[in-house]
Each structure stands twice: as structure tokens, then as C-alpha cells.
Amino acid sequence: MGTFECRIHGIVIDKDCTERLHRNGRTYFGCRPCSIERGRAYRKANRVKCNERSRLYSKANASSRKEKRITYVDNNRDLLRAAWDRYYSENSVSILEKARARSQRLKVEVFRAYSKEVPECASCREPSIDFLTLDHIGNDGSSHRAEIGSGPKTWNWAKRNEYPPLFQVLCFNCNFLKYLSVKPPSKNPRRQALEAALKRETLQMLTGGIPKCEDCPVDDVRILTVDHVHGGGNEHRRSLGMTSSQSMYSHVRKLQDKSDFAVRCYNHNSGKRSWTKPV
Ligand SMILES: [Zn+2]
Ligand SMILES: [Zn+2]
Ligand SMILES: [Zn+2]
């Protein structure tokens with residue numbers, strides 16, 4: 001404790017007063033709140049100058065700053081964790097919104113690089129960004145994804161690596177048809193035919209006629225699927241222990257009330273839970 005002469009408040013008692021000499025030997029402008037306020041006002045009035053100065057400073061001290069940050073993070077793990085948890089719980093909505101907006105911007109940027117100004121499916125020219133995906137031209141998608149991650153991680157990877165010619169833009173429907181066309185033939189074609197028949201029958205029960213997407217004219221059973229109308233499909237399947245689409249079809253067939261389910265193509269089913277939509 002000590003006294004300190006604030007240029008606004010006059011003599012004040014301030015617990016930090018004895019140490020209120022700036023590193024460079026100058027005294028502070030005033031008591032702590034006044035100094036903080038003044039610094040803020042200065043930076044606001046001189047934004048360009050301050051930004052430039054801190055950019056130069058960061059550049060000149062990049063390695064020592066990095067070292068300091070690493071030491072600090074190492075020594076304050078719990079503190080930082082707690083602060084982030086608190087911040088996240090208070091701002092989760094805006095944090096998620098910002099993350100989604102960021103992913104959406106990244107997606108458009110990357111897809112433009114692999115397509116055109118308005119990205120579209122290379123096969124059917126579908127232009128809705130929510131229906132589009134990056135297809136591995138060489139069909140080595142799963143191993144590559146395991147290495148670099150899926151969705152926004154792939155997009156980031158492609159951008160960082162200056163858009164290597166490994167990808168093309170396809171819609172989910174065309175992507176899946178392409179996958180089927182290169183998939184090795186089933187080891188059990190009889191069972192495969194049976195499953196296909198079961199699927200067609202289930203879809204027919206839901207549409208009451210020839211299976212067709214609820215939202216578009218697609219009627220190719222290979223790219224039609226059962227959609228949970230209210231979302232939450234993955235959770236639902238997990239809670240019922242349904243690991244395959246076959247067990248899901250049998251489940252839906254047995255239901256009296258099928259109003260929670262509809263037939264949708266992969267585009268209209270996947271577009272709903274795209275990376276850029278609310279989770
Ligand atoms: Zn003051
Ligand atoms: Zn397509
Ligand atoms: Zn559709």
C-alpha cells in the first residue's frame with residue numbers, strides 16, 4: 001500500500017502505488033483504472049499506428065515471444081483451461097456461429113479453387129454449396145482422410161498445400177455413385193441383392209409408391225436413404241444399437257407410425273447436417 005498521485009483523482013491510495021513506475025522509468029498516468037482507460041483511448045485513436053508497431057514488434061521478437069508463450073501455457077494449463085471453459089460456456093452460441101461462418105468461408109474459397117466462381121458438381125452441375133463435397137479423384141479418400149482429417153480439415157489441408165490436383169467438386173449423390181462404381185464387387189452377391197430389395201421395399205412403404213426424394217426428382221434407389229425428419233438420426237440409431245443401414249430399414253418397417261421418417265437423396269439428407277449448418 002502507498003499513495004500515488006493520479007492526474008485525474010489526485011492523491012489516491014493504491015495497493016500498487018509503490019511499484020507504479022513503468023518499466024521504462026516513466027511514471028504511469030494515473031491510478032490503475034485511469035491508466036487502463038487512457039491506454040485504451042490512445043489505442044483506439046491511433047489504431048493504425050499501434051497495430052503497425054505491434055506487428056513490427058512481433059516480427060522482431062517472434063522466436064522469444066513463441067518461447068515465452070510456450071512456457072506460459074505450460075505453467076498455467078489449469079488456469080487457461082478453466083478460463084476457456086468459462087468463456088466457452090458463456091459464449092458457446094456465438095463461438096459456434098463464428099466457427100461455422102469461418103468453415104463456410106473456407107469451403108467456398110477452396111471449392112472455388114477446384115471448380116468455378118460459383119462452385120458446382122463436376123458431374124451433374126448441382127450448384128448448392130451445402131450439397132457439394134471434395135471428392136478424391138484417385139478414390140483414395142479414406143486413407144487420405146485418416147491422415148489429414150475430414151471436412152474443414154481436408155479443406156484447410158488443400159489450401160495450405162496450394163490446391164494439389166487431387167480433388168474435384170462433386171455433390172453427395174454423384175460422389176456416392178462414383179464410390180459404387182469403383183467399389184470391389186460384393187463377396188456375397190445374393191445377400192447384396194436381398195438387401196437392395198429390402199431397402200427398395202422400405203422406401204416404397206415410406207413414399208407409398210415408386211421411391212423418390214422428398215425434395216427433388218431423384219429416384220435412383222442407390223442414392224436414396226431414410227431420413228430422420230427431425231434430425232438426430234445418428235443418436236437415434238446408436239440408442240437402438242442399429243449399426244447397419246439394414247437394421248435401420250427393418251426397424252422402420254416394423255414401426256406403426258412412420259411419420260418421423262422420409263425418403264431423401266444423399267444431397268437432401270446430407271445437406272441438412274452439413275458443416276456449416278447448426279449442429
Ligand atoms: Zn485515477
Ligand atoms: Zn452431382
Ligand atoms: Zn433430393
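Predicted model: local features only at pLDDT ≥ 70, side-chain atom pairs only at ≥ 80, totals over all residues.
A: The zinc ion (ligand 3) has a tetrahedral site, with angles of 97 to 116 degrees among its four donor atoms.

Q: What are the ideal angles for four tetrahedral donors?

A: Ideal angles at a metal are 109.5 degrees for four tetrahedral donors.

Q: Which residues are the protein donors of the zinc ion (ligand 3)?

A: They are Cys213 (SG), Cys216 (SG), Cys265 (SG) and His268 (ND1), and they lie 2.1 to 2.3 Å from the ion. Along the chain, these donors follow the spacing C-x2-C-x48-C-x2-H. Cys213 sits in the loop between α8 (189-207) and β5 (224-228), while His268 belongs to helix α11 (residues 266-270), so the pair ties together parts that are 55 residues apart in sequence.

Q: Are Cys213 and His268 buried or exposed?

A: Both Cys213 and His268 are buried.

Q: What are the protein donors of the zinc ion (ligand 2)?

A: Here we find Cys121 (SG), Cys124 (SG), Cys171 (SG) and Cys174 (SG), lying 2.3 Å from the ion. The site of the zinc ion (ligand 2) is tetrahedral, with angles of 102 to 117 degrees among its four donor atoms. The donor residues are spaced C-x2-C-x46-C-x2-C in sequence. Cys121, in the loop between α4 and β3 (132-136), and Cys171, in strand β4 (residues 167-171), link distant parts of the chain, 50 residues apart.

Q: Why does Cys121 count as buried?

A: Buried means under 20% relative accessible area. Cys121 counts as buried because its relative accessibility is 1%. Cys171 also has 1% relative accessibility, so Cys171 counts as buried.

Q: Where is Ser115, and which residues does Ser115 touch?

A: Ser115 is placed in the loop between α4 and β3. With a relative accessible area of 26%, Ser115 is partly exposed. Leaving aside residues up to four places away in sequence, Ser115 touches Glu120 and Val169. Ser115 and Gln168 are 53 residues apart in sequence, yet their C-alpha atoms are 7.3 Å apart in space.

Q: How do I read a pair of packed helices?

A: Two packed helices are described by the angle between their axes and the distance between the axes. Take helix α3 (residues 62-75) and helix α4 (residues 77-114): they pack at an angle of about 85 degrees, and their axes are 5 Å apart. Therefore α3 and α4 are roughly perpendicular to each other.

Q: Which residues of α3 and α4 meet?

A: From α3 come Tyr72, Val73, Asp74 and Asn75, which meet Arg77, Leu79 and Leu80 in α4. The residues of this contact divide into four nonpolar, one polar and two charged.

Methods. Residues numbered from 1 in each chain as written. Chains lettered and ligands numbered in written order. Heavy atoms only, no water. Donors = N, O, S within 2.8 Å, 3.2 Å for Na, K, Ca; no water. Tetrahedral: all angles 85-135°; square planar, octahedral: opposite > 155°, others 65-115°. Helix = DSSP H or I, 4+ residues; strand = E, 2+ residues; numbered from the N terminus. Buried < 20%, exposed > 50% of the residue type's maximum accessible area, 1.4 Å probe, protein only. Axes fitted to C-alpha atoms, helices over the stretch in contact; angles between N-to-C directions. Parallel < 35°, antiparallel > 145°, perpendicular 65-115°, else oblique. Contact = heavy atoms within 4.5 Å. Nonpolar A, V, L, I, M, F, W, Y, C, P; charged D, E, K, R; others polar.
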